[in-house]
Amino acid sequence: MARAAKVLLNVPAIRKDFPILLRKVRDKPIVYLDSAATSQKPKQVIEAESDFYTRYNANVHRAIYELGEEATREYEGAREKVAGFLHAKAPSEIVFTKSTTESINLVAYGWGIKGKLKEGDEIVGTVMEHHSNHVPWHFVRDYKGIVLKHVGVTDDGRLKMEEYEDLITKRTKVVTVAQVSNVLGTINPVREIAKRAHEVGAICVVDAAQSVPHMPVDVQALDCDFLAFSGHKMLGPTGIGVLYGKQGVLEEMEPLLGGGEMIREVHLGHASWNDVPYKFEGGTPNIAGAIGLGAAVDYLTKLRMDAVRAHEMELTAYALEQVHRLKGVHPLGVEDVSGRGGVLSFTMDHAHPHDIASILDVEGICIRSGHHCAQPLMERFNLPATARASFYVYNDVDDVDRLIQGLRKVMEVFA
Amino acid sequence: MSATYAMYQEQILDHYKNPRNKGTLRDATLRARESNPLCGDEIALYLVVDGKDRISDVRFDGEGCAISQASASMLTEMIKGKTLAQARAVREEDILKAVGIPLSAVRTKCAILSLHVLGLALTSPKES
């Protein structure tokens, strides 16, 4: 059977859209390998934000005049774009927040603390979560007397799926998991996990901060109840995030912020809530941010998410192959790139991750070092820190080669 | 070779690879331990103080990046044989001067972790 023609990205053309990549750092062309922390922004996104402030800045939803209508149209247009991008049933299932963190906190508070959870109920997370998918559940546990449980991680960085058998019980009300680990890059079987959650009547909450920017995500196919991600990791602005929720669970959930926009009627002593999703968007939202995110969604859609994914698989495979040739460099995570995203964490003999990052910095190479806001996972692997390179649409093999050259310098210094 | 490599190869690297006064002291009069959660650097200091308030012996123990471990090694050399008052007088600038090259804000925290631990040790309850 003939193999399907590979969809690839035209990286040189893409790079021209990113003004920051023209910059030199320490007199060297910039090699940006920290997109898992935040991505760079194409001029299309920067211009969309600037266009809002330059041409039609007004508050959304209640203005009678033309500017306000334009602002509302673009803001709601962004919501429609995000809904389409995720294959949600309707734009009303998209709540704008400021970040993945806020999205998960909104669920923990509105569905957990203020919602129907009661003492003795159980929440099942995993050891590989980002802090933003640990700490909000600590709040719920402490406030409501919930029992928190965590699925472990194998030595090669996969979830111990068999542990769900014992951990999910009749008392389980929430099962939460990262779709892609921000440290290991592991792609977790969310669809299967959601299915197991639903078997006992629990909801499935997905941290998609590292997946939505990098691969096709279809919320209906995953059948998750909530899914959270940030705009800034997917070419969009900072300060805008998304909480997807199934219409039904959003309607059950209580709001976090009380104030303007989120109400239907307010009296001196009480109020009733606006419809979903507006009841979760109290206060003037980040209008420019949402519009910028809409532009980012347009940009990624044009590239095609399957092409983005294929590109990152290719780069990750190449990087893994190159890193394996370096003696004393130890990558974490699964070897098979079909099961991992474009994240490459590693340690080096004799060189601490911070020292690795400092030396690479001199070469104009931006990587991250530290615990990556995943201390429980670091403890699991008995590591104080790792170095992490992460890839996106504007990276190519030259960036990987520069990284490898940089790592050779680190080895020289610390040999 | 740029300044950073030079730094790594000379001062810092020497202290990192051949740390002075590394280890623990069972009979320490003062001790403290602290970590930098950002990167997992960890430093413990053990001081033996004699009857004249002089630091007659010092050891550091720890794990972490070259900057944190080397600056701890340097600090032990700076305070060994000194009085508690002299040890208290050691300032951030003294450590950064010993390190010898400009550091970013994040790396500065690595460099002064051991000084922070010294501060804790000097205010810790004395052990007999």
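In this predicted model, 28 residues of domain 1 of chain A are in contact with 25 residues of domain 2 of chain A, two residues being in contact if their C-beta atoms, placed from the backbone, lie within 7 Å. On the domain 1 side, helix H11 (305-324), strand E14 (343-348), helix H13 (375-380) and strand E17 (386-390) each give two or more residues; helices (H or I, at least four residues) and strands (E, at least two) are DSSP runs, numbered from the N terminus. H11(A) provides the largest share, 5 residues.

Domain 1 of chain A spans 11-43 + 304-414 and domain 2 spans 96-284, with bounds from an automatic or database domain assignment. Their C-alpha centres lie 28 Å apart.

A:Phe85 belongs to helix H3 (residues 66-86). A:Phe85 is buried because 24 other C-beta atoms lie within 10 Å (buried: 20 or more; exposed: 12 or fewer; partly exposed in between; C-beta atoms placed from the backbone). Beyond neighbours within four places in sequence, A:Phe85 is in contact with A:Val297 and A:Thr301.

Between the chains, 12 residues of chain A are in contact with 15 residues of chain B. The largest share of the chain A side, 5 residues, comes from H12(A).

Residues are numbered from 1 along each chain as its sequence is written, and chains are lettered from A and ligands numbered from 1 in the order in which they are written. Local features need pLDDT of at least 70, side-chain atom pairs count only at pLDDT 80 or more, and totals for chains, interfaces and linings use all residues.
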